[in-house]
Amino acid sequence: MSTPYSASTAPAPFPRPIALVLMCGLATLFAANHVSARVAFDAGAGLLLAIVLRSGTASLALTALVVFQRKSLRLPAGTGRWQLLVGLLVAVQSLCLYSAVARIPVVVALLLMNTLPLQLALLSWALGGPRPTGRAALIMGIILVGLVVVLDVPAWLGDPEAMGPGWPAGVGFGLAAATAFAGALWITEHRLATVGSTLRSLLTMLTVLVAMVIAGGLGLVPGGMALPQSLPGWVGLALLALCYAVAFSVLFITVPRLDMARNAPAMNVEPVAALMLGYLVLGQTLSPVQLVGGGIVLAGVVFLGLSKRA
């Protein structure tokens, strides 16, 4: 049986400097996962294969965590269909985000994913939640301006071919990934609040794993299960699975001690880490103007997160 959890048994938070360093490290691992994925895709690896390895490795780690913590595997009544829907939405998010990473610079894909707070606020409002405050609306507008700059929309409209054939699809996939994850987060908050975080994460990863295996078996994504054609591709696959599983597991083990309400904006260093890793590993660079736009997006996301806690 699991041990009852109460405020008196809650672990003490880490000192803030330690928590911030740890969260920045986890954000860097998540960024490394995406850079490793691009290495694998450039070597011919299939999108579905990458997600199968990532979700399979994460599922093993979470299973070990559930066994170690002696968590119950029983879902509360009425939550089963919502848990399944969350898993399917995360599967869509994973496929869309990796599809974006395969087509556009990794940092641009992650900046598009960072529209998540904006999309979640609008979705919550549309589904009966509170209307965004004037301050939040202003910050959302600033984020959109930053995206226009980082995507270099004027150059795109002036000469679409110069941006490359995969650019429009990559942008669409990046925004779709944020939309799918916003839906998953809304359901998690409003329909799965009674499900433990470890069990919820395990079931979500297992759903993603099964969905990708089925999609691969049915051939729904052409070349989705293709194997890498070079050693760097295999190394990329191994590293994406390892980086994601380690970051995901450590995050869930330590989250009770990270004081997320104060420190969550530290996770927004992921695009910054992706920018540096993308340059060092892939040779991907952004123009000075695009860097300014990326800074605007990151600043807006951080301020939006802080304004919710003010």
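Mentor: Let us begin with R38, which is buried because its relative accessibility is 14%, below the 20% under which a residue is called buried. Please bear in mind throughout that this is a predicted model. R38 belongs to helix 1. Setting aside its neighbours within four places in sequence, R38 touches V101, A102, R103, I104, P105 and V106, as well as L282 and Q284.

R38 also has a charged partner. It forms a salt bridge with D42, and the closest N and O atoms of the two are 3.0 Å apart. Side chains of opposite charge can pair when their charged atoms come close. Both residues lie in helix 1, which runs over residues 16-42, and they are four residues apart, about one turn of the helix. An α-helix has 3.6 residues a turn, so residues three or four places apart point the same way. The two partners may also be described by their accessibility: D42 is exposed, with a relative accessible area of 53%, whereas R38 is buried at 14%. The count of salt bridges comes to one.

We may now turn to helix 9, which covers residues 197-218. Helix 9 has 22 residues and reaches 31 Å from its first C-alpha to its last, close to the 32 Å expected at 1.5 Å a residue. The buried residues of helix 9 include T198, R200, T204, M205 and M212. Among the elements that cover the buried residues of helix 9 are helix 2 (47-69), helix 3 (80-101), helix 8 (167-191) and helix 10 (231-254).

Q83 lies in helix 3 and is buried, with a relative accessibility of 3%. Beyond its neighbours within four places in sequence, Q83 is in contact with L75, L192, V195, R200, L203 and T204. T188, for its part, is placed in helix 8 and is buried at 17% relative accessible area. Apart from neighbours within four places in sequence, T188 is in contact with V86, A193 and R200. The C-alpha atoms of T188 and R200 are separated by 8.8 Å, and the two residues are twelve apart along the chain.

When neighbours within four places in sequence are left aside, M205 is in contact with S55, A58, S59, L62, V90, Y244 and F248. The largest nonpolar core has 48 residues, and those with the most contacts inside it are Y98, M205, M212 and L237. Two or more residues of this core come from each of helix 1, helix 2, helix 3, helix 5 (116-126), helix 8, helix 9 and helix 10. Helix 2 gives the most, with ten residues. Apart from this core lies another, of 36 residues, among them L118, M140, W156 and A273. In soluble globular proteins, nonpolar side chains tend to be buried together.

Conventions:
Residues numbered from 1 in each chain as written. Predicted model: local features only at pLDDT ≥ 70, side-chain atom pairs only at ≥ 80, totals over all residues. Heavy atoms only, no water. Expected span 1.5 Å × (residues − 1). Buried < 20%, exposed > 50% of the residue type's maximum accessible area, 1.4 Å probe, protein only. Contact = heavy atoms within 4.5 Å. Salt bridge = Lys/Arg side-chain N within 4 Å of Asp/Glu carboxyl O. Core = buried A, V, L, I, M, F, W, Y, C linked by side-chain atoms within 4.5 Å.
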